[in-house]
Amino acid sequence: KEVETQQKLANVVVLATGGTIAGAGASAANSATYQAAKVGIEQLIAAVPQLSELANVRGEQVMQIASESITNDNLLQLGRRVAELADSKDVDGIVITHGTDTLEETAYFLNLVEKTDKPIIVVGSMRPGTAMSADGMLNLYNAVAVASSKDARGKGVLVTMNDEIQSGRDVSKMINIKTEAFKSAWGPLGMVVEGKSYWFRLPSKRHTMDSEFDIKNIQSLPDVEIAYSYGNVGDTAYKALAQSGAKAIIHAGTGNGSVSSRVVPALQALRKDGVQIIRSSHVNAGGFVLRNAEQPDDKYDWVVAHDLNPQKARILAMVALTKTNDSKELQRMFWEY
Ligand SMILES: NC(=O)C[C@H](N)C(=O)O
């Protein structure tokens with residue numbers, strides 16, 4: 001009987017990378033003071049015995065870090081392991097446990113470069129497992145539930161936090177002190193309740209199977225950096241980033257990706273020197289940058305990041321630059337992905 005149930009259940013691999021979901025604090029009252037990336041994957045899986053009712057689950061510790069310290073090499077390492085597993089006949093779905101600080105970047109990266117329609121779910125928690133009302137167990141349970149469901153196939157990389165199923169492209173950490181931390185300007189794709197998924201909408205941007213990018217063809221990622229804008233900003237950071245070798249600079253602009261008159265000449269000059277200038281917005285609830293509105297992008301040969309926040313724009317720019325350095329092509333990619 002047991003063998004029969006195992007055969008019916010999906011095979012899900014949980015790739016652990018660290019974060020608060022693997023965090024531990026000194027007391028149950030420590031919801032915010034703790035060390036991230038302490039608990040190993042076997043212990044995380046063992047803490048939720050109900051996972052075995054959803055899927056045949058096995059874990060792999062890919063790395064053990066707090067996600068603010070993730071590097072491009074870490075992204076590539078994780079991306080390659082996901083691709084290997086996705087190619088394997090006995091894997092039906094993949095879950096990645098991840099710190100929440102850069103979870104949205106990793107989820108978007110995988111969404112761009114994994115050529116599979118198998119569910120890939122990225123999940124984290126806002127409280128360590130040692131805290132009262134820790135959210136990691138349920139988030140992980142929900143991630144495995146979605147990863148083992150046939151309905152989740154072909155929907156791109158997904159994020160399950162706070163009972164919602166979000167698109168890895170759209171979702172962003174909006175607040176760092178609530179368990180309701182992850183939001184998308186365009187709303188969640190669905191809900192997961194007691195292990196069952198309920199879907200409401202589909203992503204319309206290109207992803208995974210429909211993407212022109214493939215992790216198997218990416219050897220390294222180019223240097224793309226972000227400069228933040230605010231009142232009284234100067235051009236020092238932009239120039240320094242270019243000097244240190246940035247191939248593209250994401251302008252984390254105010255409002256509609258607007259650029260201070262004190263910064264415009266430097267960005268014009270950097271573009272002439274071959275650096276790609278990509279205008280994004282750091283507006284909290286979701287920026288939306290329009291081409292040629294705040295700045296004459298056609299004239300300056302700049303790119304706009306559409307609705308991608310600066311950190312997501314950095315991910316797409318790195319991946320796009322592995323294929324082209326043509327600003328028109330980059331702009332097409334920013335509209336399509
Ligand atoms: N909630 C978290 O996971 C935050 C942690 N600093 C991390 O990203 O690893």
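**Ligand surroundings and sheet architecture**

In the predicted model, a nitrogen atom of the ligand is placed 2.9 Å from an N or O atom in the side chain of Glu-68. A nitrogen atom of the ligand also lies 2.6 Å from an N or O atom in the Thr-100 side chain, and an oxygen atom of the ligand is 2.5 Å from an N or O atom in the side chain of Ser-67. The ligand taken alone exposes 270 Å², of which the protein buries 92%.

The residues around the ligand comprise Gly-19, Thr-20, Tyr-34, Ala-66, Ser-67, Glu-68, Gly-99, Thr-100, Asp-101 and Ser-125. Sorted by class, this shell contains 6 polar, 2 nonpolar and 2 charged residues. Ser-67, Glu-68 and Thr-100, whose side chains were described above, are among the residues of the shell.

The model contains an open sheet built from 8 strands, arranged in the order S2-S1-S3-S4-S5-S6-S9-S10 with mixed pairing. Strand S2 (55-65) and strand S10 (196-199) form the edges, each pairing on one side only. From one strand to the next, the twist averages 25°. Within this sheet, strand S3 (residues 93-97) and strand S4 (residues 120-123) run parallel and are joined by 4 bridges. Val-95 has Ile-121 in S4 as its bridge partner.

Two helices can be described against the strands of this sheet. Helix H4 (residues 72-87) lies across strand S1 (10-18), S2, S3 and S4, and runs at about 160° to S2. Helix H6 (residues 136-147) packs on the sheet as well, touching S1, S2, S3, S4, strand S5 (158-161), strand S6 (164-167), strand S9 (190-193) and S10. The direction of H6 makes about 160° with that of S3.

A further open sheet has 4 strands in the order S11-S12-S13-S14, and its pairing is parallel. Its edges are strand S11 (224-228) and strand S14 (303-304), each of which pairs on one side only. Strand S12 (residues 248-253) runs parallel to strand S13 (residues 276-281), and 6 bridges connect the two. His-251 is positioned opposite Arg-279 in S13. Helix H10 (residues 310-321) packs on this sheet, where it touches S11, S12 and S13. The direction of H10 makes about 155° with that of S11.

Terms used: Residues numbered from 1 in each chain as written. Predicted model: local features only at pLDDT ≥ 70, side-chain atom pairs only at ≥ 80, totals over all residues. Heavy atoms only, no water. Near = heavy atom within 4 Å. Polar contact = N/O pair within 3.5 Å; in protein donor to acceptor, adjacent residues only side chain to side chain. Areas by Shrake-Rupley, 256 points an atom, 1.4 Å probe, with all protein chains shown as cover. Nonpolar A, V, L, I, M, F, W, Y, C, P; charged D, E, K, R; others polar. Pairing = 2+ DSSP bridges. Contact = heavy atoms within 4.5 Å. Axes fitted to C-alpha atoms, helices over the stretch in contact; angles between N-to-C directions.
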